[in-house]
Amino acid sequence: MNFADNTLVPSTPSRRMVIVVRADPVICGHSGEARCLAEVALTRGFDDVRIVTWPLDALEAAGLPLKPLDHLLPYSPGITVERPDPVGDYRVPDGRYLSGLIGRLVELFSDGVPTVAMSLYLSPHAIAVQEAVQVARRIGPARVTTVAEAVGSDITNVVRECVTTGRFGAAAHILSVYLEADHCVAVSEYTKDLIVASAATLDDMHGTTFAQQCQERIAISYPAVDSWPYLSLTEDRIAETLTQRGLSRDGYVLFLSRIASAKGIDDLIDAYAKSRSAERVQLVLAGRGPYEEAVVARVAAAGLGERVRVLTDVDDAEKPALMAGSAAFVLPTREQPEFVETFGIALVEKALAGGGPIITCATGGVPEAVGDTALLVPQHDPATLQIVLDEVICDWTREQRAEAEQRARAHALQFDRVAVFDRLFQLVEPQAAVA
């Protein structure tokens, strides 16, 4: 069940933090965010830090893009990753896993240890936390403060869809669970605005009052990023990583994200195929996702097989060096019904790593992630993307690149995990957890 070193957890903890999330090996920015928050918690007085997540077989069955297990970075001693086994038999296929998750949370919440429980994703993680808290308060001396963090897909995949399809009950349920938390946060101002707008639509349809409550209660807590692997890069480390991949410094344009339609990867391929840049640099498409086969086919159809590399096995250890060594980083993300980039963690990571400039689209929360430090192109516009790509690859001077790198890194430092954790806990007021 455990997938980390918990040898430093005391037999009788004095302060516990529990994070419920889709954790490693899922390729997801919020998986990394949970790791960052857990690591900082160890330095802020928590002597029992746990990430409670799903069994590996459940993650695989869900079809989520996963990192290779043998390439996962270790957690610090004192952090325990728990993957509770399902409860019940095969006749309750999905509920078995949720029951296992809730059951373990009840055990953690009902032993009297002052606990801060944070859920990333409202459905089903905030639901599991709130149900477990209610049970724990009935059966034991529960001393739990809850933090529910809403991410973009909570709204695009759940609330907004329910509102659009008239499923009032499901939308009301998830918003009610969210507002039951002691502290409600969202990963960007854009995400908060999206929640309030969806809640207002629900209110107009059914006379509820969710929008006002959301507007008043939701605070912003940007995703936490570990800046050290990016800021501590050496030229030797970059050169070693690139050599292993058969790449050269400033010799490629990099896309590194989930390989999905909403990331605009087809626009990038089309722009690159017609660009002057293709004569100078390779295109590296790194990641995993449902669009992998389509990407390979599109590259072949464009006759780019020798100029485009598709890497599906990039691990967290080599990601900073790949970013730093790129001539440009391109993420032409676009808004689709099922997905909006509500922040852009990969953009912050690239800004911290340095290297060539960032080219992206001003969709969702991306402007909050990059400020005025990236080159923004319209979504669904490979022609403009081609022009901007050629400009930075073929025409920019060394001085322009250096100035863009410095400005991007300075903006991104506000998202360092220590700064984010401390801002969040100024809201949470941990002393409330021990009262």
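1. P25 sits in the loop between β1 and α1, where helices (H or I, at least four residues) and strands (E, at least two) are DSSP runs numbered from the N terminus. The peptide bond from D24 to P25 is cis, with omega near 10°. The structure is a predicted model, in which local features need pLDDT of at least 70, side-chain atom pairs count only at pLDDT 80 or more, and totals for chains, interfaces and linings use all residues. Residues are numbered from 1 along each chain as its sequence is written, and side-chain values use heavy atoms, with hydrogens and water left out.

2. Further backbone features concern Y121 and P124. Y121, in the loop between β4 (115-120) and α4, is not a glycine, yet has a positive phi of about 90°. S123 and P124 are joined by a cis peptide bond with omega of about 10°; P124 belongs to helix α4 (residues 122-139). As background, most residues other than glycine have a negative phi, and most peptide bonds are trans.

3. The domain assignment divides the protein chain into domain 1 (16-225 + 419-428) and domain 2 (231-413); such bounds come from an automatic or database domain assignment. Taken over C-alpha atoms, the centres of domain 1 and domain 2 are 30 Å apart.

4. Contact between the domains (heavy atoms within 4.5 Å) involves 21 residues of domain 1 and 21 residues of domain 2. The size of an interface is often given as the accessible area lost when the parts come together. Here the buried area, meaning the accessible area (1.4 Å probe) that two parts lose on being put together, summed over both, is about 1800 Å² between domain 1 and domain 2. Carbon and sulfur atoms give 63% of that area.

5. One salt bridge is counted between domain 1 and domain 2, the term denoting a side-chain nitrogen of Lys or Arg within 4 Å of a carboxyl oxygen of Asp or Glu. K67 pairs with D316 in a salt bridge whose closest N and O atoms are 2.9 Å apart. On the side of domain 1 that touches domain 2, the elements giving two or more residues are α1 (29-41), α5 (152-164) and α7 (189-206). Of these, α5 gives the most, with four residues.

6. The structure as a whole holds 26 salt bridges. One of them joins R16 and D48, with the closest N and O atoms 2.8 Å apart. This pair links distant parts of the chain, since R16 lies in strand β1 (residues 16-20) and D48 in strand β2 (residues 48-52), 32 residues apart.

7. A UniProt annotation from an unreviewed entry, "domain: Glycosyl transferase family", covers residues 250-409. UniProt positions are given in the numbering used here, feature names are shortened, and annotations may be inferred rather than shown by experiment. The span 250-409 is 41% helix and 14% strand, and its end C-alpha atoms lie 18 Å apart.
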